[in-house]
Amino acid sequence: MTREKVGLPPFQALIDAHWLDVARLARAMAGQDGDDVAQRAWEKAYAAYPGLTSAKNLRSWLLTITARCATDVHRARKPQRPLDEAPPVAVDGPEAAVWPDPDLWRAVNELPERQRFAITLKYVGDLDHHGVAAALDTTPAASRRLVSDALATLRTKLGVHDD
């Protein structure tokens, strides 16, 4: 089946429409390796794109690939010792207003892996529970539970209470 028969847009149009979502999710899930994760996700998406049989929900498809690439990078990481005197790195990054409260992200990074991935997919990736479940190879009910447990832990750590 060709791209025209399924109604797939050119791959560059997909990049133009979703590059920021992929980059944000990769950065949120993989931290300093976010750029590598995003690049890997685009490579995998490009390789799989001609074989797609539906043009439905391409954003969710891309974010699922990104989440799985982040999981692969996380699992492949070996504990590293920090350099004693690391040289300063000058990198242009996003404006401070683009990234949320550092205390919140510190707390998110301390969550167990599956909770961290679930809450990141839900709120950074803006996926519904079915999308989160697909990305984590679980059920929507388990996805809800992971997000709920993560939110409860974050509320406790950050001293936020529902009134």
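How close do the axes of helix H6 and helix H7 come, and at what angle do they cross? In this predicted model, the axes of helix H6, which covers residues 113-123, and helix H7, which covers residues 129-136, come within 9 Å and cross at roughly 140 degrees. Two packed helices are described by the angle between their axes and the distance between the axes. H6 and H7 are therefore oblique to each other, given that an angle has to be over 145 degrees to count as roughly antiparallel. The crossing in which H6 passes H7 is right-handed. On the side of H6 the contact is made by Arg114, Phe117, Ala118, Leu121 and Lys122, and on the side of H7 by His129, Val132, Ala135 and Leu136.

The secondary structure of the protein chain comes to eight helices and zero strands, and the elements, read from the N terminus on, run α-α-α-α-α-α-α-α. The protein chain has 163 residues, of which 34% count as buried. Among contacts between residues at least 6 apart in sequence, 69% join residues that are at least 24 apart.

Two features belong to the region around H6 and H7. Lysine 122, which is one of the H6 residues that make the contact with H7, lies over the face of tyrosine 123, at 6.0 Å from the ring centre. Aspartate 126 has its place in the loop between H6 and H7, and its phi is near 55 degrees, a positive value in a residue other than glycine. With a relative accessible area of 56%, aspartate 126 is exposed, because the cut-off for exposed is over 50%.

The structure holds four aromatic pairs. One of them is formed by phenylalanine 11 and tryptophan 42, which are edge-to-face, at 6.0 Å centre to centre and with 85 degrees between the planes. Phenylalanine 11 lies in helix H2 (residues 11-30) and tryptophan 42 in helix H3 (residues 34-48), so the pair ties together parts that are 31 residues apart in sequence. Both partners count as buried, phenylalanine 11 at 11% relative accessibility and tryptophan 42 at 14%. The ring of phenylalanine 11 also pairs with that of tyrosine 46, where the centres are 5.1 Å apart and the planes stand at 70 degrees, so this pair too is edge-to-face. Because phenylalanine 11 lies in helix H2 and tyrosine 46 in helix H3, the pair ties together parts that are 35 residues apart in sequence. Tyrosine 46, however, is exposed, with a relative accessible area of 54%. Phe11, Trp42 and Tyr46 belong, together with Tyr49 and Trp61, to one aromatic cluster.

Which residues does threonine 66 contact, leaving aside its neighbours within four places in sequence? This threonine has its place in helix H4, and its contacts beyond those neighbours are with Val22, Leu25, Ala26, Val37 and Ala41. At 1% relative accessibility, threonine 66 counts as buried, because the cut-off for buried is under 20%.

The loop between H3 and helix H4 (58-76) contains asparagine 57, whose phi is near 55 degrees, again a positive value in a residue other than glycine. Asparagine 57 is exposed, with a relative accessible area of 54%.

Asparagine 109 has its place in helix H5, which covers residues 102-109, and is partly exposed, with a relative accessible area of 47%. Asparagine 109 and methionine 29 are 80 residues apart in sequence, whereas their C-alpha atoms are 8.7 Å apart in space.

Terms used: Residues are numbered from 1 along each chain as its sequence is written. This is a predicted model: local features need pLDDT of at least 70, side-chain atom pairs count only at pLDDT 80 or more; totals for chains, interfaces and linings use all residues. Side-chain values use heavy atoms; hydrogens and water are left out. Rings of Phe, Tyr and Trp (its six-membered ring) pair if their centres lie within 6.5 Å; planes under 30 degrees apart count as stacked, over 60 as edge-to-face and the rest as tilted. Helices (H or I, at least four residues) and strands (E, at least two) are DSSP runs, numbered from the N terminus. Buried means under 20% relative accessible area, exposed over 50%, partly exposed in between (1.4 Å probe, protein chains only). A charge sits over a ring if NZ of Lys or CZ of Arg is within 6 Å of the ring centre and within 35 degrees of the ring normal. Axes are lines fitted to C-alpha atoms, for helices over the stretch in contact, and angles run from 0 to 180 degrees between N-to-C directions. Angles under 35 degrees count as roughly parallel, over 145 as roughly antiparallel, 65 to 115 as roughly perpendicular and the rest as oblique. A crossing is left-handed if the near helix is turned anticlockwise from the far one by less than a right angle, and right-handed if clockwise. Contact means heavy atoms within 4.5 Å.
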